[in-house]
Amino acid sequence: MRRRTLLCSGLAAASAPVLAACSDEGGGAGGGGRTTLSYGMWDPAQVPGMQQIIAAFEKEHPDISVRIELTPWASYWTTLKTSMRGGTAPDVFWMNAVNFQLYAAHDVLEPLSEHIARDATPVDRHPEQLVRLYAYDGTQYGLPKDFDTVGLWYNKALFDKAGIKYPDTTWTWDDLRDAAAELTNPRERVHGFCSEMHRQFVLYPAMFAAGGYVLRDGHSGFGDERSVAGLRFLTDMIDRGWSPPQSAMVESTARVRFWSEKAAMVHDLSAMAGQMYAVPALKDHGGVTVLPKGRERTTVIHGLANVISAKSDKKAAAWKFVHFMAGRRAADIQAKSGVTISSYAGTQDAWLKSMPEFDLKHFLDMEKHATPYPSSKNTAVWENLQYPLLGAAFSGKGGIEGAARTLGEQMDRALKEERDS
Amino acid sequence: MSVFPATAAAKSAGRRAPTSAARSSRHGRRAGYWFIAPLGLGFAVFYFWPMIQTFYFSFTEFGPFGGHTWTGTDNYARVLRDVTVWQALGNTLIYCGIGLLALPLAIVIAALLNRRGLRGVSLYRALYFVPFVTLPVAVGLVWNWLYNGDFGLLNEILGWFGVDRHYWVSDPSTAVFAIGAVMVWSTTGYYLIIFMAGIKAIPQDYYEAAELDGAGPLRRFFTITLPLLSPTLFFASVICMIQSLQTFDLIYIMMGEKNPAVGDTQSVVGLFYKWAFMENAQGAAAALAFLLMLLIAGLTYLQFRLQRKWVHYG
């Protein structure tokens, strides 16, 4: 009970300034034949950018206004599901790959294929893999707004101190290991690398780079020999003391360690560039490059999409907004705000230039080699199996092979249940 | 607890011949129903009806966006088969065991605060009570900093005595106890208040008589305070047990999903949350919640049976 009231008040507190900001912009023109759309999202950092896009959209469509409904990430999906059931869901909202198939399979999203064909929405200007993430049974339900790839962030000052060359596009896993060993300095509690147990940033990229997979034809890749080799590469660095164990990274995450210059290299998202940039030390001597090559050079690509609720009674207006969001103008505005990479081809220049100290183009270069974020209809079920089963091996207790095999078996069982249901 | 005798008395009163006195008492009773109506309505709408629904949904497969299909006892079979349920149950019983430690602690502090001539009692009382009224989220976050393996105050202090640094909440062997300690810390104040009130109600003459007979403070505590406090203690132990069996928020805040000890600290309600709100298994979650309710009801019944052996009603 106490928890629930807490969530609600947190939600109200988080959305209050946003709502206030929106009504300011509305300029009292509410009512009088004007359609007001609600737009559900979770990232407060993107609110200013989204508001600029909304302002541009409202100028083009004076009869429609858009109101942002910000829900914190921690409660976004539960709130959304409940409001879907109660019929109060936002008209347009953010969707991610983990949840998409569940929503599409239950017919709570408006199919967009016909709209796209009619209005010639420039779908082909967005990365194909990303567009395909939001299609279900041959029907398009969402249009990407941005994308994220994972890169290798490094601290130049720590590299200079150890007297080694900065990572570049020629790096392989061997280079990464050697550098991690050199950079580790127990006396100053500095680690060369962070083998954090994080599926999107670390686990999946390592498994893919080793030639393995997570999900293929409805089967788990965790038991695959190459996937295991990728995971072993990570746990090995923990066992040798070049990375903190996961037990230590629960309390101070890889990101926090990197910010406080206690980690020389970490995997992190392109979307984090803005926050890295806000740390003075990193703006001064932080760097970024592509992920080192294992058996293959790859990274994980994921992006958010805008979708329309099938229960919305303002679908025509909602589609106009989603169509606008998938177009060039919205992408340009989004790119300039510097938070994420817009998924619209050729609009990323503004994003690259927004942080000239960082070599952000590596994130774009990696799109070609990227593997889409794996998902199925009930992704959360098998994702929830991962951390509890891998936790011991990532805390320096060994046994990654057995843990991965068990995980593979349990994930296969979950996938079978998903197919049967 | 006194509800049952009261209703029984009321019933027998109602069966008597309708004298004017009885009529007026019946009238009073009707007015009484009006007074409890707001609470009763709230209870019916927000507790009783959801309980019935939960029971019904525990026999269905519940769609993530509404709609459900009858699946009989499948959910119960799943719950009983799932090893994580048994692990969560084990953890929950450990939390319960640790949580109950708040009671002896609170009694001792209450007895100490009730010493004659102690100054600033209300200040102490307020200080002990503050953790209980603090939001569990704030409590969890602050304790996480204290427990932090790299920069935490606890490790720093233990370091003076040559104890190695330890990751208290992410080591599976210590995490349950680290959380349990916070639970005890944050609930002791509540029971302290109850016990202090209980001790106040014990007639002072008993102590004076015992003192004349030469009983020391320990003897007085064990032969007067403790037995006469037993009804209060019984009430507190029932409440404490129920609360610690339903523990969730503190664990949720303190653990986070990437903690290697997450399986070793998950409570039954935590598992319920995971199933219902993350994995779209509301039906199975409803079955789990219902089984937990049965367990709580069973243990509470047991406590009521056992109280005859140790509770003294003055």
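How many Å separate the centres of domain 1 of chain B and domain 2 of chain B, taken over C-alpha atoms?

A: In this predicted model, the centres of domain 1 and domain 2 of chain B, taken over C-alpha atoms, are 35 Å apart. The domain assignment of chain B places domain 1 at residues 1-49 and domain 2 at residues 73-310.

One residue of chain B may be examined in detail. B:Phe151 is located in the loop between α7 (136-147) and α8 (153-160) of chain B. B:Phe151 counts as exposed because it has 12 C-beta neighbours inside 10 Å, and a residue with 12 or fewer is classed as exposed. From B:Phe151 to B:Arg165 the separation is 14 residues in sequence and 9.5 Å in space, C-alpha to C-alpha.

Chain B also meets chain A: 27 residues of chain B are in contact with 28 residues of chain A. On the chain A side, the elements that give two or more residues are α1 (2-26), α3 (73-86), α11 (246-249) and α19 (379-390). Of these, α19(A) gives the most, with five residues. By class, this side of chain A has 13 nonpolar, 10 polar and five charged residues.

Chain A itself contains 20 helices and 16 strands. Its radius of gyration is 22 Å, close to the 22 Å that the globule rule gives for 421 residues, so chain A is as compact as a globular protein of that length. Buried residues make up 52% of chain A. Among the contacts in chain A with a separation of 6 or more, 76% join residues 24 or more positions apart.

Conventions
Residues are numbered from 1 along each chain as its sequence is written. Chains are lettered from A and ligands numbered from 1 in the order in which they are written. This is a predicted model: local features need pLDDT of at least 70, side-chain atom pairs count only at pLDDT 80 or more; totals for chains, interfaces and linings use all residues. Two residues are in contact if their C-beta atoms, placed from the backbone, lie within 7 Å. Helices (H or I, at least four residues) and strands (E, at least two) are DSSP runs, numbered from the N terminus. Ala, Val, Leu, Ile, Met, Phe, Trp, Tyr, Cys and Pro count as nonpolar, Asp, Glu, Lys and Arg as charged, and the others, Gly among them, as polar. Domain bounds come from an automatic or database domain assignment. A residue is buried if 20 or more other C-beta atoms lie within 10 Å of its own, exposed if 12 or fewer, and partly exposed in between; C-beta atoms are placed from the backbone. The radius of gyration is taken over C-alpha atoms; the globule rule is 2.2 Å times the number of residues to the power 0.38.
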